[in-house]
Amino acid sequence: MNALIELRDLAVHFPVHRGLMSGTSGAIKAVDGVTLEIARGETLGLVGESGCGKSTLGRAVVGLTQPTGGTILIDNKPMTRDRRVQMIFQDPSASLNPRMTVGAAIAEPVRLNGLRHGRAAVVARMHELLDLVGLPQSATHRYPHEFSGGQRQRVGIARALACEPDVIVCDEAVSALDVSIQAQIVALLEDLQGRLGLTYLFIAHDLGALKHISHRVAVMYLGKIVEVAPKAELFANPRHAYTRALLSAIPVPDPMVERQRKRIILSGDIPSPANPTSGCRFHTRCPVAIDRCRSDEPDWQEMSPGHHTACWRANELVELMPDALSLSTSDARR
Ligand SMILES: Nc1ncnc2c1ncn2[C@@H]1O[C@H](COP(=O)(O)OP(=O)(O)OP(=O)(O)O)[C@@H](O)[C@H]1O
Ligand SMILES: [Mg+2]
């Protein structure tokens, strides 16, 4: 793969202070040895439950969080805080100044990065950016609170695009929006990718949300990637028990199939990221864990080209956990 972004054994550990006298006595291993590549023009979906480290990984890629181990290469060069890597957030209001007009908010990064010179050129670029994200020119003199959530997210996207990035980390960028608005924003991001050749790291906590936009999907559990595969392959043939459980939670459009399926309910404790368990980190909740899963960390195996998983039971899952597979594969192949 011709990788634009390469993560090599990336770690972000946050120190834990347990009382004044004891000093630093541990670490939250938010990201704990992640190796991943993202090709130019590709969308990598990153999925996992709340607290598994998705945002921390995304913030490290953007340079907002300093890794404690491993490396990040962008275009074969060590990552530095750089306008070419931007982030869009779940709540665009948090990144928009309520007292700044939309026009000023979009013009600001153009000016600050010296991408256009002179007022007329900056204003022309601002109008171009409004147009790119499907906002009317009349938005220029209005304030963020006058817009709907979906429109505010368009402003957030325009502000990111103003920096002329190559890579955008979309951290739950559509999760807070109504389903119909989500689809519009996803369509906009896809359209922009086609026009501008953008590379996306698209973060979501459920597989349904990233099914359409992703080319490949990486599944994260407690600081580690447990499975990565091309999208259609991951949905049709998941080879990690955790991925199968996540897939079983997505409703199937066919009511006949849906009635016959069983959701895989995960029970058991989630280990703390400060103190991950031995063996496979998922074993405390895994419905098909065996002794080996409790003692040995699974090897990273390639199941088919580009499809990697870290599950000792990868070869038996089809029989062991059949329900996840009743997900319509034609849907996943779109
Ligand atoms: N600045 C920080 N200091 C200490 N711990 C942190 C910090 N940021 C994140 N964490 C911890 O790191 C772990 C991963 O957090 P992170 O926000 O990356 O998860 P996430 O997958 O994005 O979750 P969510 O789906 O809820 O957004 C959590 O245990 C969190 O409490
Ligand atoms: Mg997050």
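Modeller: Gladly! Let's begin with Tyr221 and Phe282, which are both buried. Before we go on, this is a predicted model, where local features need pLDDT of at least 70, side-chain atom pairs count only at pLDDT 80 or more, and totals for chains, interfaces and linings use all residues. Residues are numbered from 1 along each chain as its sequence is written, chains are lettered from A and ligands numbered from 1 in the order in which they are written, and side-chain values use heavy atoms, with hydrogens and water left out.

Colleague: What makes a residue such as Arg313 count as buried or exposed?

Modeller: Buried means under 20% relative accessible area, exposed over 50%, and partly exposed in between, with a 1.4 Å probe and protein chains only. Arg313 has a relative accessible area of 14%, so Arg313 is called buried.

Colleague: And which residues does Arg313 touch, beyond its neighbours within four places in sequence?

Modeller: Arg313 is in contact (heavy atoms within 4.5 Å) with Val288, Ile290, Cys293 and Leu320.

Colleague: Why is the pair of Tyr221 and Phe282 called edge-to-face?

Modeller: Rings of Phe, Tyr and Trp (its six-membered ring) pair if their centres lie within 6.5 Å; planes under 30 degrees apart count as stacked, over 60 as edge-to-face and the rest as tilted. By this rule there are three aromatic pairs. For Tyr221 and Phe282, the centres are 5.1 Å apart and the planes stand at 80 degrees, so the pair is edge-to-face. Tyr221 lies in strand S9 and Phe282 in the loop between helix H10 and helix H11, so the pair ties together parts 61 residues apart in sequence. Helices (H or I, at least four residues) and strands (E, at least two) are DSSP runs, numbered from the N terminus. Ring pairs also link Tyr221, Tyr242 and Phe282 into a cluster.

Colleague: How do you know that Arg292 lies over the face of Trp312?

Modeller: A charge sits over a ring if NZ of Lys or CZ of Arg is within 6 Å of the ring centre and within 35 degrees of the ring normal. Arg292 lies over the face of Trp312, at 3.6 Å from the ring centre. Arg142 likewise lies over the face of Phe147, at 4.5 Å from the ring centre.

Colleague: Which residues of H4 are buried, and what puts them on the same side?

Modeller: They are Val122, Arg125, Met126, Leu129, Leu130 and Leu132. They cover an arc (of the directions from the helix axis to the C-beta atoms) of only 160 degrees, which puts them on the same side of H4. On the other side of H4, Ala120 and Asp131 are exposed.
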